[in-house]
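Open the model in your viewer and show it as a cartoon. The stops below say what to select and what is there.

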Amino acid sequence: MGYIDEVIAQVIEKNPAQPEFHQAVKEVLESLRVVVEANEEVYKREALLERMVQPERQFVFRVPWVDDQGQVQVNTGMRVQFNGAIGPYKGGLRFHPSVNLGIIKFLGFEQTFKNSLTGLPMGGGKGGADFDPKGKSDREIMAFCQSFMTELSKYIGADTDVPAGDIGVGAREIGYLFGQYKRIASKYEGVLTGKGLSYGGSLVRTQATGYGLLYLTDELLKLNNISLAGKTVAVSGSGNVAIYATEKAIELGAKVVTASDSKGWIYDPEGIDLEVLKEIKEVKRERILEYTKYRPNAQYHEGKGVWSVKVDIALPCATQNELHLEDAKQLVSNGCIAVCEGANMPTTLEATKYLQENKVIFAPGKAANAGGVATSGLEMAQNSGRISWTAEEVDEKLKNIMINITHNISDAAERYGAKGNYVLGANIAGFEKVADAMLAQGVC
Ligand code: NDP
């Protein structure tokens with residue numbers, strides 16, 4: 001059994017009942033085979049992979065709170081500080097009933113490499129609770145956030161561990177969490193990112209993931225001597241990432257013809273009207289179905305189907321596992337030239353392989369949606385320096401980061417004889433920096 005297979009077997013044995021964590025470790029380590037085999041003696045002696053797959057620290061804690069009926073509720077909170085080799089732990093907090101330690105470990109492991117790719121000094125972490133914010137009153141959300149932070153505050157800090165939002169943790173939750181941290185720690189520091197603009201948040205954070213996706217897509221196409229201007233694009237989703245991906249795609253001269261939500265999707269052959277999309281989703285918070293009322297020439301379809309439209313570029317920006325093998329086949333037969341992931345893990349493994357085999361340019365979310373965490377890193381920098389950059393300054397830095405990521409993943413793939421395999425390139429480029437830092441810092 002080779003070194004990688006030994007480590008994977010150990011992870012499965014030592015972390016029972018954590019299938020998502022097993023899957024993430026397997027996917028990353030298997031794609032690193034070529035790098036690990038080239039350095040096997042050192043990595044094995046230093047137990048580098050064994051250390052990399054084990055969180056440095058993890059906390060699991062009780063979160064008691066009182067609901068609006070006066071009933072005490074108890075949830076489980078957790079924070080995993082996965083890898084701090086290149087900077088303070090950084091990664092979101094997820095509040096969702098499905099949260100368990102295995103899922104948080106999977107996300108924290110992945111986050112380590114994504115953060116490394118940004119080139120900013122951020123280690124990997126993730127946290128959350130099995131709490132469902134849906135249907136709760138503001139007072140209940142505040143009670144939960146205050147109780148959660150009462151415990152979490154012991155383990156985090158601006159130079160230690162800087163959480164952010166994720167599913168179920170938006171601006172409202174970040175505000176309550178920040179307020180409670182400040183009371184307990186008696187410190188005004190950038191301990192969380194995704195903060196409101198009035199108390200230390202960064203301009204462009206809202207747009208960052210969607211804009212970043214397009215900066216990377218544009219650069220990747222340029223590397224392949226293709227121009228984004230004039231191309232037709234399918235975007236899935238109509239949330240934060242999808243809206244700002246659509247905005248930047250239009251700005252760069254492309255035509256976006258689709259949008260979707262969990263109920264259905266629209267096809268607007270004349271190009272999505274961004275103002276209408278924002279009005280429906282950001283202001284009125286309605287279903288995407290309403291779009292046809294504003295734009296009668298657009299078609300609405302129930303269910304899934306965005307990938308059946310003939311486009312040059314596909315940008316999955318909704319959710320995990322939303323682009324399957326059948327969708328990939330349809331995209332290829334329609335002449336699609338690039339798929340870049342705005343969401344986390346939207347493309348299944350079989351679909352990814354099919355796209356790559358058929359020479360479709362494929363950018364994995366780890367690289368393509370890193371603009372969000374990169375801008376969180378820029379928020380940390382502004383907080384530490386007690387300064388605020390203008391929107392233009394943040395946007396320029398974001399653009400440079402995404403362009404650097406594009407070149408780094410492309411160069412890494414090429415160095416290992418796999419030109420154009422950006423999945424491999426992203427895993428290698430993210431891994432190399434963390435591995436170097438860990439080896440340089442000795443046994444710790
Ligand atoms: P939002 O909640 O703002 O939007 C998600 C969109 O996807 C909504 O339009 C939603 O529709 C749709 N959607 C959700 N589930 C499904 C489904 N099962 N089928 C079809 N559509 C669905 O999330 P974000 O835009 O913030 O995030 C989208 C993805 O990007 C996620 O994978 C997230 O982890 C990832 N991501 C986000 C970052 C960020 O900065 N926001 C950073 C990095 C990654 P509906 O409204 O009907 O639920």
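Select V233 and V256: V233 stands opposite V256, which lies in β7. This is a predicted model, in which local features need pLDDT of at least 70 and side-chain atom pairs count only at pLDDT 80 or more, while totals for chains, interfaces and linings use all residues. Residues are numbered from 1 along each chain as its sequence is written, and side-chain values use heavy atoms, with hydrogens and water left out.

Now widen the selection to strand β6, residues 232-236, and strand β7, residues 255-256; two bridges pair them in the parallel sense. Strands (E, at least two residues) and helices (H or I, at least four) are DSSP runs, numbered from the N terminus. Two strands count as paired if DSSP finds at least two bridges between them.

Is β6 mostly covered or mostly open? Four of its five residues are buried, so β6 is mostly covered; buried means under 20% relative accessible area, exposed over 50%, and partly exposed in between (1.4 Å probe, protein chains only).

Next, select β8, β9 and β10, which form an open antiparallel sheet in that order. Its edge strands are β8 (258-260) and β10 (299-302), each pairing on one side only. Three bridges join β8 to β9, residues 264-267; pick A259 to find its bridge partner I266 in β9.

Move to the open sheet of five strands, with the order β1-β2-β4-β3-β5 and mixed pairing. At its edges are β1 (57-66) and β5 (161-164), each pairing on one side only. Inside this sheet, β2 and β4 (residues 123-129) run antiparallel and share six bridges. M78 stands opposite G128 of β4.

Last, show the surface and select V66, V72 and V74. Together they form a nonpolar surface patch with about 250 Å² of accessible area. Accessible areas come from the Shrake-Rupley method with a 1.4 Å probe, and for residues only the protein chains shown count as cover. Patch residues have over 30% relative accessible area and no salt bridge, with nonpolar side chains (Val, Leu, Ile, Met, Phe, Trp, Tyr) joined within 5 Å and like charges within 9 Å. A salt bridge is a side-chain nitrogen of Lys or Arg within 4 Å of a carboxyl oxygen of Asp or Glu. V74 sits in strand β2, residues 72-83, and counts as exposed because its relative accessibility is 55%.
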